[in-house]
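Visitor: Please take a close look at one part with me, and then walk me through the aromatic side chains as well. I would like to see how the pieces connect.

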Amino acid sequence: MSQFLVYVVIGITSGSVYGLTGVGLVLTYRTSGVLNFAHGTMATAGSYLFYELWVRAGLPWPVAAFLAVVVFGAVLGLGMERVARRLAAAPPEVVVVATVGVLLAITGIATVRYTAATLTLASFLPTSSFEVGGVFVTWGQVIVVLVGIAVSAAMTYVLSHTRLGTAMRGVVDDPDLLELTGFDAMRVRRVAWMLGGSVACLGGVLIAPSIGLNPQLLTYLVVQAFGAAAIGRFKSLPWTFVGGWIIGVVAAYGGKYANQYPVLLGLPASVPFVALFVVLLAAKPGSLPGATLRKRITTERFAPLPPRATAVLVAVGAGLVAAVPGLVGPKLPVFISSAGFVVVFLSLGLLVKTAGQVSLCHGALVAVGAASFARFSTDLHLPWPVAVLAAGLVTVPVGAVVAIPAIRLSGIYLALATFAFGLLMENLVYRSFLLFGTGPARPVDRPALPGLDLGSDKAYFYVAVGVAVATAVVVAAVQRSRLGRILRGLADSPLALETFGTGVTTTLVLLFCLSAFFAGVAGAILATGTRGAGPADYASFNSLLWIAILAISGGRLLSSSVIAALLLAVLPQYLPAGVVPYQPIAFGVIALAAALASANRFDLVARVHGDLAGSARVGAPSPVAARRSADGLRSPVAARRALEGVR
Amino acid sequence: MSTADALVVEHLEVRFGGVRAVHDLSLTAPVGRITGLIGPNGAGKSTTFNACSGFVRPTSGTVRFGTVDLTGAPSSRRAHCGIGRTFQRMELFDTLSVRENVALGREARMAGTSPLRQLLPAAGEAEVVAAATARALALCGLEASAGERAGSLSTGQRRLVELARALAGDFRLLLLDEPSSGLDVHESRRFAELLREVVDATGVGILLVEHDMRVIADVCDYVYVLDFGELIAEGIATNVLVDDVVRAAYLGTEPVPVPGGPS
């Protein structure tokens with residue numbers, strides 16, 4: 001009994017922080033409609049600042065905590081509000097890329113300044129303890145729990161019992177209507193984001209002494225917050241806090257079994273993803289807030305090049321590829337990798353760019369391909385082409401599993417569910433005998449093809465490029481086929497597609513299977529290139545990075561895949577050594593800027609109301625203004641005007 | 001009125017939690033005719049409409065098309081039974097060209113739920129799609145803008161594209177959700193004329209939810225009027241629109257109803 005109590009105490013302490021962070025996340029989501037993937041990163045920033053002020057600058061801890069939590073948290077929140085304001089009407093992939101951009105930038109800054117190593121932070125709360133039912137509880141733990149309860153209760157009270165809270169609940173549904181009642185919608189949002197930012201920093205400062213300071217580890221606090229928020233169904237603050245406790249206690253108790261059975265080693269860390277995944281899949285469609293509200297207005301994504309331009313491009317491309325091995329010398333391996341990444345980005349772009357399905361677990365699919373290829377080729381000695389195809393085929397069922405959340409969810413919740421799935425794979429499956437095992441990497445040979453020695457980098461480079469070209473040809477053919485038309489229709493309006501008789505479920509399963517196949521092939525190409533397949537190459541964090549890089553590489557699927565692959569694999573090799581650590585920061589900032597730029601036109605949609613529509617453009621009416629006026633009767637202001645016209 | 005070839009709604013009841021959106025509503029929308037469904041905001045028009053097209057599950061009552069019970073059927077099955085619809089917030093494929101939009105109106109149904117059919121057209125289907133697309137574009141006068149991106153068109157043109165897409169789908173009954181919202185008076189009138197032409201040319205039936213009284217008066221063969229979720233009047237358009245109860249509920253007491261959509 002007392003042993004169980006030990007885990008309850010540990011679980012409730014960490015669970016209070018998870019719950020608190022989740023409460024801040026839900027608060028900002030409910031008031032802005034923007035689900036902030038960088039929420040945990042705000043905690044990272046707050047806790048590092050606390051460390052800086054308390055440990056390095058020697059301020060008393062209450063002063064440091066006040067500055068890091070109240071002041072800095074509010075400033076961060078204000079900054080995020082400015083980002084979120086632009087994203088209010090943007091489609092989900094833009095929201096994901098923008099907030100992931102913030103995540104990458106802040107994490108990158110923390111890594112540059114404090115390195116990726118974990119710093120220990122002494123406890124600033126009292127460590128003296130007392131005994132309850134045979135269990136020792138420290139006063140620090142008591143304080144963390146009480147702070148969690150008090151802050152969450154206060155926010156719940158504000159949201160449900162004050163005029164400001166009513167305004168906060170109303171602002172996301174209809175900011176215009178809210179302004180009619182005398183509230184300034186922007187100010188309401190600002191307050192919510194300042195609270196959210198402060199609470200995130202508070203969470204970071206409270207948990208840092210127990211888990212240490214590590215840029216990535218703290219960033220993943222957002223996942224605990226997602227899990228807690230999922231239990232609160234992304235709307236209830238009290239349930240979100242309770243959700244934090246549930247996750248904390250289950251994870252702590254799971255830790256006990258994980259110590260006994262190595263297979264379950266990843267289990268405690270996986271509790272929030274399991275909660276997130278299960279709740280999202282079990283939720284009734286439409287019961288999650290905002291799931292059906294957001295109307296996507298797609299940007300231009302597909303336009304076939306004229307044949308002559310294509311021919312010129314192909315000729316130039318072939319020439320460049322032929323010349324690369326002679327030009328780059330010892331850097332050839334990174335070009336081999338970039339050929340593999342072209343395949344990765346083609347398969348990811350098929351999902352994100354062609355069909356508008358935001359998937360944040362692509363790393364897991366590539367990992368399955370790489371690991372199974374290693375076994376087919378090294379353990380089973382299958383011929384290389386057979387092993388590559390088999391790796392693709394093995395990945396297909398995993399893709400079909402990812403299609404399940406895509407069938408039930410769309411937009412931001414699909415992004416969340418796939419993110420959870422990717423983390424689940426990473427924590428529970430990567431290290432198992434199924435994929436990479438417990439070693440650092442599975443060795444991969446470069447077997448010889450008949451008449452072709454793949455042992456040399458030069459020969460293999462051509463083979464890898466050949467596979468990338470073949471994939472590009474197939475993907476281009478898919479885009480021009482009936483499936484391609486349906487997929488583009490799916491991106492624009494799944495509703496219309498379904499109404500006109502297409503079984504969208506079938507389409508999604510087909511799409512994810514196809515994409516998974518190429519992801520698997522990509523895994524095989526990459527593994528052969530580096531002569532090994534290890535879990536570190538396919539971490540969930542990479543899936544986020546890939547989405548962000550693909551987003552900044554342009555609108556065309558084929559060209560953006562090549563550009564993204566070069567940016568990811570080749571560019572760092574040509575930067576001065578001192579600049580390389582700054583690369584994630586640059587990616588993050590560029591992704592944020594690109595997302596905001598593309599969100600700008602969506603932002604316009606939100607702002608252009610009847611009276612502004614005329615100023616949008618004289619002559620050719622912009623689609624934005626057209627849509628807005630078409631929806632005129634839906635907007636309460638316009639509807640009221642219309643009614644006044646009638647009476 | 002024959003119900004053998006018609007969309008028939010019987011004793012429809014829809015509740016959202018404690019709110020009764022539609023109460024004991026029965027209506028018939030025959031093929032080859034234009035049936036109007038009108039009422040003030042919140043009268044339950046859209047709910048009825050959504051129950052017909054499968055986006056709202058009725059609390060009780062039935063929705064049939066001919067002899068086929070569609071009450072709980074998903075919208076893709078309704079499409080295969082011959083019912084098409086448009087949306088008030090136009091659900092066009094904005095990044096596709098007008099021609100591709102219209103073609104997909106037909107092709108989406110051919111693709112259906114079979115993985116093979118979604119990947120590859122069956123023999124002869126390409127010709128059928130091309131012919132249906134050409135006909136629908138011609139009917140709606142869209143040949144000139146067929147190559148333009150649907151997202152770049154004006155609201156009036158977009159409404160036409162939506163109609164053309166539904167016509168290409170070869171449905172027997174179309175549910176049109178406020179097709180004149182966002183159009184000016186002139187465009188609405190032109191749209192109403194077009195609806196009449198379309199019905200005469202193709203024999204399709206239309207169930208029309210509409211705000212614009214001119215459109216209703218111009219084109220509807222038969223009109224149902226809803227208020228607070230209940231049917232308050234039905235009959236020939238010209239009779240219903242001068243009915244005192246209808247005018248009191250919907251139009252206030254102005255003698256000449258001319259509500260133009262906001263534009």
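**Around one serine, and on to the rings**

Guide: Setting aside the neighbours within four places in sequence, the residues in contact with Ser337(A) are Leu526(A), Thr530(A) and Ala569(A). Please keep in mind that this is a predicted model. Ser337(A) belongs to helix α14 of chain A, which covers residues 332-354. Its relative accessibility is 17%, so Ser337(A) counts as buried, the cut-off being under 20%.

Lys331(A) lies over the face of Tyr574(A), 4.4 Å from the ring centre. Chain B has a pair of this kind too: the charged end of Arg165(B) sits over the ring of Phe93(B), at 4.9 Å from its centre.

Now for rings that meet rings. A pair of aromatic rings is described by how far apart the centres are and by the angle of the planes. Over all chains, the count comes to 28 aromatic pairs. One of them joins Trp54(A) and Phe124(A): the centres are 6.0 Å apart and the planes stand at 80°, so this pair is edge-to-face, which takes an angle over 60 degrees. Trp54(A) sits in helix α2 (residues 39-56) of chain A, while Phe124(A) is in the loop between α4 (92-114) and β1 (129-132) of that chain, so the pair ties together parts 70 residues apart in sequence. Both Trp54(A) and Phe124(A) are buried. They also belong to a cluster linked by ring pairs, made up of Phe50(A), Trp54(A), Trp61(A) and Phe124(A).

A further pair is formed by Phe436(A) and Tyr538(A). Here the ring centres are 6.2 Å apart and the planes meet at 10°, so the pair is stacked, as the angle is under 30 degrees. Phe436(A) lies in the loop between α17 (411-429) and β3 (442-443) of chain A, and Tyr538(A) in the loop between β4 (532-533) and α22 (540-551) of chain A, so this pair ties together parts that are 102 residues apart in sequence. Phe436(A), at 2% relative accessibility, counts as buried. Tyr538(A), at 3%, counts as buried too.

To finish, a word on the chain that holds Arg165(B) and Phe93(B). Chain B has 10 helices and 10 strands, and buried residues make up 55% of its 263 residues. Of its contacts between residues at least 6 apart in sequence, 67% join residues at least 24 apart. Chain B exposes about 10,100 Å², with carbon and sulfur atoms supplying 53% of that area.

Conventions. Residues are numbered from 1 along each chain as its sequence is written. Chains are lettered from A and ligands numbered from 1 in the order in which they are written. Side-chain values use heavy atoms; hydrogens and water are left out. Rings of Phe, Tyr and Trp (its six-membered ring) pair if their centres lie within 6.5 Å; planes under 30 degrees apart count as stacked, over 60 as edge-to-face and the rest as tilted. Helices (H or I, at least four residues) and strands (E, at least two) are DSSP runs, numbered from the N terminus. Buried means under 20% relative accessible area, exposed over 50%, partly exposed in between (1.4 Å probe, protein chains only). A charge sits over a ring if NZ of Lys or CZ of Arg is within 6 Å of the ring centre and within 35 degrees of the ring normal. Contact means heavy atoms within 4.5 Å. Accessible areas come from the Shrake-Rupley method with a 1.4 Å probe; for residues, only the protein chains shown count as cover.
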